[in-house]
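Please look over the sequence and the structure shown here before reading on. The briefing that follows goes from single residues to the whole chain.

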Amino acid sequence: MPIDTLATWHQLVKSHDAKGLDALLDDDAVFLSPVVHKPQLGKAITAKYLGAAFHVFFNESFRYVRELKSERDAVLEFEVEIDGISVNGVDMIKWNDAGLITEFKVMLRPLKAVNLIHEKMGAMLQAASSLS
């Protein structure tokens, strides 16, 4: 039976459970960042980026405000305030027949938010790398 991808994703976000990503990502998952030029290929690097995002984005102000869904993909619009800056963005998620995420793309606005997220995600990824 396939995973209910969006229900699982929303549960991970709600519980701040980055460890649950492993069971939700396809081995060949691709992560497309708003601040990194090249697609990040593979489950491990996708989990690393999404795990860092859990720490940067998912504070008490984070909320999804709109969801557009079809059979194997969805666009989730979100809003969050980080360091006094209002961030608006979308998570574009694609999954396979098993319900495993094959592509995760994040788009952000405005520019001030993109710059802030670039700084915060860079610091989080660098800290994670030094722990490895």
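In which strand does Val 87 lie? Val 87 lies in strand β5, which covers residues 85–95, where helices (H or I, at least four residues) and strands (E, at least two) are DSSP runs numbered from the N terminus. This is a predicted model, in which local features need pLDDT of at least 70 and side-chain atom pairs count only at pLDDT 80 or more, while totals for chains, interfaces and linings use all residues. Residues are numbered from 1 along each chain as its sequence is written, and side-chain values use heavy atoms, with hydrogens and water left out.

**Val 87**

- Val 87 counts as buried because its relative accessibility is 3%, and buried means under 20% relative accessible area, exposed over 50%, and partly exposed in between, with a 1.4 Å probe and protein chains only.
- Leaving aside residues up to four places away in sequence, Val 87 touches Phe 57, Phe 78, Glu 79, Val 80, Ile 82, Leu 108, Arg 109 and Ala 113, a contact being heavy atoms within 4.5 Å.
- Although Val 87 and Thr 102 are 15 residues apart in sequence, they are 25 Å apart in space, C-alpha to C-alpha.

**Asp 26**

- Asp 26 is found in strand β1, which covers residues 25–32, and its contacts beyond four places in sequence are Lys 43, Asn 96, Leu 100, Ile 101 and Thr 102.
- Asp 26 is buried yet has no salt bridge, a term for a side-chain nitrogen of Lys or Arg within 4 Å of a carboxyl oxygen of Asp or Glu.
- The nearest side chain of opposite charge to Asp 26 is Lys 43, 7.9 Å away, where Lys and Arg count as positive and Asp and Glu as negative, while His and the chain ends are not counted.

**Leu 68**

- Leu 68 has its place in strand β3, residues 63–69, and touches Asp 73, Ala 74 and Val 75 when residues up to four places away in sequence are not counted.
- Leu 68 and Met 92 are 24 residues apart in sequence, and their C-alpha atoms are 9.5 Å apart in space.

**The whole chain**

- The protein chain has three helices and six strands, which follow the pattern α-β-β-α-β-β-β-β-α when read along the sequence.
- Of the 132 residues of the protein chain, 42% count as buried.
- Among contacts between residues at least 6 apart in sequence, 47% join residues at least 24 apart.
- Along its principal axes, the C-alpha trace of the protein chain spans about 45 × 35 × 30 Å.
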